[in-house]
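Hi there,

Here is the structure I promised to pass on. Have a look through it first, and my notes follow below.

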Amino acid sequence: MPTKKKPQVTAAPARRRELLETAAEVFAEQGYNATTVRKIADHAGMLAGSLYYHFDSKESMLEEILRTFLDELWGGYDSVLDAELGPRETLEALVTESFREIDRHRAAVAIYQKESKQLLAQERFAFLAESQRKFEKAWLSTLERGVAAQVFRADLDVRLTYRFVRDTVWVAASWYRPGGQHSPEEIARQYLSMVLDGIAVRTLHHSGG
């Protein structure tokens with residue numbers, strides 16, 4: 001008997017992950033409200049009743065999709081923040097980590113962008129607001145450290161810069177396709193060169209006299 005149980009234990013998480021990936025793609029493409037359990041089941045090639053064997057509702061599927069994405073995002077972000085790098089290096093690492101997450105969880109990022117405002121009204125998605133506050137604090141404190149250390153311009157509006165960088169990075173989920181021409185690290189490098197040329201201190205302007 002024990003030998004029969006083992007394959008189920010290993011197969012179930014993989015199947016569950018597969019179903020969540022399918023659900024994430026459907027939610028991202030059709031919108032959460034327009035998506036039914038039957039639609040997800042159709043895309044997964046199974047009956048709606050069989051899907052209920054794995055998940056009790058589309059809400060629980062969405063919650064798991066978003067929690068998985070945010071847990072992984074914060075795993076990466078916390079590693080960056082704990083490394084106590086300089087402000088510029090921290091910003092570079094956060095941007096790179098963000099693109100890696102878009103690469104791994106493109107559909108979840110798209111759902112988060114489209115649906116989070118509406119979802120925040122529901123108690124079970126309160127964790128989204130907590131993540132947003134933590135996210136904002138991490139970015140603003142990095143930018144503030146950079147201004148204080150004279151690595152970023154003294155006249156920088158840190159809140160506006162935060163919004164600009166945040167929106168510029170995360171909107172990439174709308175066009176990015178994993179396995180495309182550029183790796184997430186390469187895209188991050190290109191974005192950073194554009195952003196940092198605009199906010200880094202220019203040291204050569206006032207030489208001579």
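Is tryptophan 139 buried or exposed? This is a predicted model, and in it tryptophan 139 has a relative accessible area of 2%. Buried means under 20%, so tryptophan 139 is buried.

Here is where that residue sits. Tryptophan 139 belongs to helix 7, which covers residues 126–148. Beyond its neighbours within four places in sequence, tryptophan 139 is in contact with Tyr77, Leu91, Leu94, Val95, Ser98, Tyr162 and Val165. Take tyrosine 162 from that set: 23 residues separate it from tryptophan 139 in sequence, while their C-alpha atoms are 6.4 Å apart in space.

Next, a helix pair. Helix 4 (residues 58–82) and helix 5 (residues 87–104) have axes that come within 10 Å and cross at roughly 160°. Because of that angle, helix 4 is roughly antiparallel to helix 5. Their crossing is right-handed. On the helix 4 side, the contact is made by Phe69, Glu72, Leu73, Gly76, Tyr77, Val80 and Leu81. Helix 5 contributes Thr90, Ala93, Leu94, Glu97, Ser98, Glu101 and Arg104. By type, the residues of this contact are seven nonpolar, three polar and four charged.

With a relative accessibility of 0%, glutamate 101 counts as buried. Setting aside neighbours within four places in sequence, glutamate 101 is in contact with Phe69, Glu72, Leu73, Arg106, Val109 and Trp170.

Happy to go through any of this with you.

Best wishes

Terms used: Residues are numbered from 1 along each chain as its sequence is written. This is a predicted model: local features need pLDDT of at least 70, side-chain atom pairs count only at pLDDT 80 or more; totals for chains, interfaces and linings use all residues. Side-chain values use heavy atoms; hydrogens and water are left out. Helices (H or I, at least four residues) and strands (E, at least two) are DSSP runs, numbered from the N terminus. Buried means under 20% relative accessible area, exposed over 50%, partly exposed in between (1.4 Å probe, protein chains only). Contact means heavy atoms within 4.5 Å. Axes are lines fitted to C-alpha atoms, for helices over the stretch in contact, and angles run from 0 to 180 degrees between N-to-C directions. Angles under 35 degrees count as roughly parallel, over 145 as roughly antiparallel, 65 to 115 as roughly perpendicular and the rest as oblique. A crossing is left-handed if the near helix is turned anticlockwise from the far one by less than a right angle, and right-handed if clockwise. Ala, Val, Leu, Ile, Met, Phe, Trp, Tyr, Cys and Pro count as nonpolar, Asp, Glu, Lys and Arg as charged, and the others, Gly among them, as polar.
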